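Have the structure open as you read.

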Amino acid sequence: MKNLQKFVVSHPTGNTFVRALLNQLKNQNQLEKFFTSIGAGEGANPLITSFCREKRSYAIPDKMISRQWMPEVARLLSKGDQAKKRQRADRCFKALDKKVSSELTTLIPKILHAYEDGCSSSFSLAKELGVQCSYELPIAHWATVRRLLAEEAERYPEWEPTLESTREPEEKLFRKEEELRLADRITCPSKFVLDSIPLEIRQKTPCQISPFGSPPCEAVDFERSPKNDILKLLFVGSMSQRKGLADLFEALKLLKGEPVSLSILGQPSM
């Protein structure tokens with residue numbers, strides 16, 4: 001293929017959407033390197049594969065993966081309150097960003113694709129090297145998030161400790177702004193996220209929406225259940241008011257006495 005654009009992708013932990021991007025780039029022969037903390041690809045050492053398991057495994061050749069192990073291993077093994085855990089997570093993002101910068105001069109891809117909080121240093125170097133900076137913003141801009149969560153803190157003061165984004169340090173917010181400023185293109189999962197980006201950034205930087213998706217669902221015919229059947233509800237996600245958990249509890253109170261059960265799967269925020 002002529003004029004093939006090679007990508008370097010960076011993400012500290014990987015997720016379903018990162019895997020989809022990596023698979024697509026690999027299939028199109030456009031993936032140069034994937035930077036992450038812990039990860040195993042095809043043909044990896046069996047010890048690495050057994051340690052990473054499915055959550056940190058990728059369907060790309062292992063030689064395409066560059067790892068930054070120790071900060072993430074230290075975070076996973078550490079104990080402490082949520083503030084300390086956030087600090088360790090930030091260190092993982094910074095360490096990976098520096099690793100990308102250290103190897104970028106050797107790789108010199110056409111495009112560096114990275115995510116919020118993890119690319120201010122590598123984007124700065126990419127600009128010097130003439131590498132295009134592709135930025136993915138998975139959630140709303142920090143100023144919008146802070147405004148909305150401040151309202152939630154007023155509604156449910158006892159849940160305020162779960163609203164982590166209200167206490168992010170200024171240095172971290174500066175890095176977020178620097179990443180947006182350096183980006184040559186910004187990708188968002190929704191119009192809500194897109195509209196949250198400051199207008200001056202949207203006016204000068206091409207932005208696009210790539211919605212989070214799921215396989216199509218076939219229509220299902222539901223029959224009315226007998227009255228003694230229990231309606232079973234499942235909540236999966238961060239156990240915080242950012243996800244509306246307090247409102248879910250209040251809704252369940254309204255159904256007191258009704259045949260309803262609620263199961264919650266997630267990590268407590270406090």
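Predicted model: local features only at pLDDT ≥ 70, side-chain atom pairs only at ≥ 80, totals over all residues.

On the α5 side, Ser120, Phe123, Ser124 and Lys127 meet Arg175, Glu178, Glu179 and Leu182 of α7. Sorted by class, this contact holds four charged residues, two polar ones and two nonpolar ones.

How are the two helices placed? Two packed helices are described by the angle between their axes and the distance between the axes. Here, helix α5 (residues 120–129) packs against helix α7 (residues 170–182) at an angle of about 30°, and their axes are 9 Å apart. Because angles under 35 degrees count as roughly parallel, α5 is roughly parallel to α7. Their crossing is left-handed.

Now turn to the sheet. Seven strands form an open sheet with parallel pairing, in the order β5-β2-β1-β6-β7-β8-β9. At its edges stand β5 (65–67) and β9 (207–209); each has a single partner strand, so one side of each is left without a neighbour in the sheet. On average, neighbouring strands are turned by 20° against each other, direction ignored.

Finally, let's bring helices and sheet together. Helix α5 lies across β6 (111–115) and β7 (132–136), and runs at about 155° to β7. Helix α7 also packs on the sheet, where it touches β6, β7 and β8 (185–188), and its direction makes about 130° with that of β7.

Notes. Residues numbered from 1 in each chain as written. Heavy atoms only, no water. Axes fitted to C-alpha atoms, helices over the stretch in contact; angles between N-to-C directions. Helix = DSSP H or I, 4+ residues; strand = E, 2+ residues; numbered from the N terminus. Parallel < 35°, antiparallel > 145°, perpendicular 65-115°, else oblique. Left-handed = near helix turned anticlockwise from the far one by under 90°. Contact = heavy atoms within 4.5 Å. Nonpolar A, V, L, I, M, F, W, Y, C, P; charged D, E, K, R; others polar. Pairing = 2+ DSSP bridges.
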